[in-house]
Every structure is written in C-alpha cells, then in structure tokens.
Amino acid sequence: MTSSEVMKLIKDEGILVIDLKFVDLPGLWQHFSVSAREFSEDAFSEGVGFDGSSIRGFQEIHESDMLLIPDPNATFVDPFTGVPTLSIICDVSDPVHNTLYSRDPRHVAKKAEAHLKKAGVAERAYFGPEAEFYILDSVRFDQSYNYGYYHIDSEEGFWNSGKEGENGSKNLGYKPRYKEGYFPVPPMDSLQDIRSEMMLTLEKVNVPVEVHHHEVGTAGQTEIDLRFDTLLKMADNLMKYKYVIKNVARKHGKTVTFMPKPIFQDNGSGMHVHQSLWNNGTNLFYGKGRYADLSEQAIYYIGGLLAHAPALLAFCAPTTNSYRRLVPGYEAPINLMYSQRNRSACVRIPVYSRSEKSKRIEFRSPDPSANPYLALSAMLMAGLDGMERKLVPPDPIDKDLYELAPEEKAKVKSTPGSLEEALEALEKDHAFLLKGGVFTEDLIDTWLQYKHKKELDPVRLRPHPHEFALYFDI
C-alpha cells in the first residue's frame, strides 16, 4: 500500500482517528493518536514528533526529540475502538542525524532482512512462531518493603475442583488436570468460543491463523498458530497477535498473560519458532534422503543456532521468569541438540510432511516474552553465521533426552540456567549479531544495562515468598 492509498482508505472508511504505534526496546507497543483531519500525507515522509526520553531503552532527557515514520504497508483498522480508528505501525527516526534510530527494534528487523539478501544466501527467510499464553479470570500482585505476593485464578484451574459455586452458580467439575489440558473437547475446554473470536479478529486485521487449541496447562493455557511469513511481517503480526488476544480476552472479562511460567508445576508458555530460507522458489533447507530430509545448509544453520544459543536466549528468553520454564520436564527444550520429532531438544525437525515446501527447522527455546523484532533477527543472524562458518552441530539424538544414561547425558550441553547466564553469554558472544550492521554495540550495551538494572537486580534483592516457608523458623 502507498501513502496515497492510505489517505484514500482514511476517507473511504470514514476514519476519524489515526493511531501511531511503535515498539519499545523490551518489546511492548506504545502509541499516541492524532485526528484524521490533522493527519496529512506528508507524515509518511516527514514523520510525526514525540518524546523519546520516556520510552524504555530509548533516549536520555537531553536528546528526547524523535520522529515516528508511519509505514503505509503496516496499517489496520482497529477492531476494538468505539471511534473509527486506523492503526499504523511506525519506524523511529533520529531527527538530528536524519537516520532511522539504531535502537528501534523494527529497524533491526529491516536490517536483518537486507543483510540476508546482501549476503547472497537467500531471498527471504520465513518464520512461523507458536506463541502460547494463559487466559485467566483474575490476577493480583503487589510488592512493597514488608510484603510481596501474586495470586492468579481461572475457572478452569484444577485447584478449583473442590470449590463451591459462588452467587448461586454451581461447580460443574470440568477442569483440566495438571499437565492434561491438551486437546480436550468442551465442556472441559471452556475457551473454544473465545479462541475462535480471537482467531477471527486476527483475520480481520490481516493476520492469517492456521489453528487454535487448548494447550497442556490447566487454567486456560492456549495456543493460536499464525501462518508463516517473512521476518518483518511476522514480527509485526506478533505485535498485532498480542494486541488482539489481550483485548478480546478483556472484552469477555478475562485477562491474558504471555509470562513464560506463571503457574507452579505445570507447563510454561513457549514460542517455538519454525524457520526456513528460500531462494528462487527453492527451499534451501530441503535435502531429500538425508537425515530428516535436511540439506547441508540446514545443518549448518542449526549449528549456528546451537553454537550461539546461550547468547541468543538473552533476546529469545529475555526475562528472569523465562528460566523457570527452561528446566527439566514440562516438555522444556533445554538440551542443546537437534532431533526429528523430539520435543525436549532445542531444535526439532517436524516430520508431519515429507514435501519440500514444508521442510523447516523449529527452534523451541524462545518464549513469548521476547521482543519479536530482536528475537527473530538474532535467530537469523545465528543461523547465517553457522552457514558462513560451516558449523556442524553434535549428532542428532532421537531418544528421550531425559532418559539418557548418565554417560550420554553428560555429553549433552544445556541452555543457560538463568537470565544472568544468558546475558553473560551475550556479552562474550555477539560478534555474529554485528555483521552487516544489523545489531549495534549501542543496542546490545543498552539491552545488557537495562536487563541488569531493571530486572535482574530488582528480583535478586527481594525475598522470595517461598523463602519464608523454608527459613522463617531458622
């Protein structure tokens, strides 16, 4: 779509408000709105000013003036506003240097796609993330000097199996058991209609959906899978995905969390990312007759993902909570191996189909707390580094990796055990991200500082509630 076509759409659809959206460094959408009467086609070339000093990971107060550059190819009519509103996803520009902003995650994704083409490896990279989440009925949390707690609840939660009904209602007993929420039909699956509404709303904003279903966890764990797309488009679609899902849930008096591990001793929420490279209509990952029909290039790409996995997870599993998911059991992909079908390996090769067009690899360690622009770009850069350096991963293992003999298990490396370990790995291993100017030292330094100061240190300094159960009577 061109800027002229956007202006025509505004007129034809009776749009009254233009909502300009952009992403901060950690990965949340920010926005402000302008009247359609005041919005002109010049905005697409000249930009719209805003204060960048109040945005996480952006500018200091003495350099706060920044510009949003609306992308005419990233528009959608907002399905949730009462007033006709057109949302436009924007890039961030530095008005002093007249360049796109180096810490704008969307700019990183654009540079990653450009680097792929310039390197001559492939025309495009396709990504298909599967972001899981929980649909809850209530959440309360607070933290102060003398207390700290959280409380979540869901009508589906198995912990409510013995609860009496409230306000004249009855407890009908249909609640998925812990770790047994995968694929039950209604009434056990009470969220069918909400998920269908989420799917149909996503389609309204041009986000194609392949499937939706209840996930393993009790208390409303859910998965809605998006159809694969190119890197930038998929990152945009993931932002729309979160926006739509949260707002549909709110409409039904429910809330959604993409936290990787919100519930003790049940499955966490991952974001398994399917990916492949294509050139001249040919899938570069397909190698008929080889292991899992993977080409030599695909093996090298996997080698790059596994070699850089500890550093990658600083962007792909970027929260302290991420590492409560990445533990043995719960189908957690913590083993730095690849395998066909095996879901405990970091890289799985789906074998649902033997056709060339479906051949892809699936990196399973990421989770939906990631900033999609940075995470997808980092994965691509790791894979390309593996192809460039011909990195050969360890031999695949098709056994249950949790049941290996001790001598075999000792040979299998694991993902980092904490965010701190992942950040340390990123600090030591990020040269592959700097190729082609895709990531910058400034962005990586800012990411490391932000994660330490705003997340690691605050969590480290506070007593954990369970410590009272362990130590109060010492």
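This is a predicted model: local features need pLDDT of at least 70, side-chain atom pairs count only at pLDDT 80 or more; totals for chains, interfaces and linings use all residues.

Reply: The lining of the largest cavity divides into six nonpolar residues, no polar ones and one charged residue. The residues concerned are L238, M239, K242, M271, P368, A370 and P372. Under the classes used here, Lys counts as charged, so K242 is the charged member of that lining. Helix α5 gives the most to this lining, with three residues. The volume of the cavity is about 40 Å³. A search of the whole structure finds one cavity of 30 Å³ or more.

Helix α5, which spans 231-251, also takes part in the largest pocket, where it supplies at least two residues of the lining. That pocket has a volume of about 2000 Å³. Its lining is made up of 47 residues, and those nearest the centre are F141, M259, T320, N321 and V459. Other elements that each supply at least two residues include β8 (138-143), β9 (148-153) and β13 (255-257). Towards the end of the numbering given for these elements come α13 (441-461) and α14 (465-471), which also supply at least two residues each. The largest share, six residues, comes from α13. By class, the lining of this pocket has 25 nonpolar, 12 polar and 10 charged residues.

The second largest pocket holds about 850 Å³ of space. It is lined by 39 residues, and E130, D225, H274, Y352 and R360 are the closest to its centre. Two or more residues of this lining come from each of β7 (124-136), β10 (209-214), β11 (221-226) and β14 (271-279). Its lining has 12 nonpolar, 11 polar and 16 charged residues.

To return to the largest pocket, F141 is one of the residues nearest its centre, and F141 also has a place in strand pairing: its bridge partner in β9 is Y150. The strands β8 and β9 run antiparallel and are joined by six bridges.

The charge pairs come next. Side chains of opposite charge can pair when their charged atoms come close. In the whole structure, the search finds 25 salt bridges. One of them is between the side chains of K254 and D137, at 2.5 Å from N to O. K254 sits in the loop between α5 and β13, and D137 in the loop between β7 and β8, so this pair ties together parts that are 117 residues apart in sequence. K254 is buried, with a relative accessible area of 18%, because the cut-off for buried is under 20%. D137 is partly exposed, with a relative accessible area of 25%.

A second salt bridge joins R227 and E210 through their side chains, at 3.3 Å from N to O. R227 belongs to the loop between β11 and β12 (229-230), while E210 is in strand β10, so the pair ties together parts that are 17 residues apart in sequence. R227 is partly exposed, at 42% relative accessible area, and E210 is partly exposed too, at 48%. The strands β10 and β11 were named above among the elements that line the second largest pocket.

R177 and E180 form another salt bridge, at 3.7 Å from N to O. R177 has a relative accessible area of 45% and is partly exposed. E180, at 47% relative accessibility, also counts as partly exposed. Beyond these pairs, D71, D91, R106, K110 and D236 are linked in a network of salt bridges.

One further residue is V185, which is found in the loop between β9 and α4 (192-204). V185 is exposed, with a relative accessible area of 61%, because exposed means over 50%. The C-alpha atoms of V185 and H214 are separated by 9.0 Å, and the two residues are 29 apart along the chain.

To come back to the question, the lining of the largest cavity has six nonpolar residues and one charged residue, with no polar ones, and α5 contributes three residues to this lining.

How values were computed. Residues are numbered from 1 along each chain as its sequence is written. Side-chain values use heavy atoms; hydrogens and water are left out. On a 1 Å grid over the protein atoms alone, a cavity is a set of points where a 1.4 Å probe fits but cannot get out, and a pocket is an open set with protein on both sides within 12 Å along at least five of seven lines; lining residues have an atom within 4 Å of a point. Grid points are joined across faces, edges and corners, and a volume is the space filled by probe spheres set on the points. Helices (H or I, at least four residues) and strands (E, at least two) are DSSP runs, numbered from the N terminus. Buried means under 20% relative accessible area, exposed over 50%, partly exposed in between (1.4 Å probe, protein chains only). Two strands pair if DSSP finds at least two bridges between them. A salt bridge is a side-chain nitrogen of Lys or Arg within 4 Å of a carboxyl oxygen of Asp or Glu.
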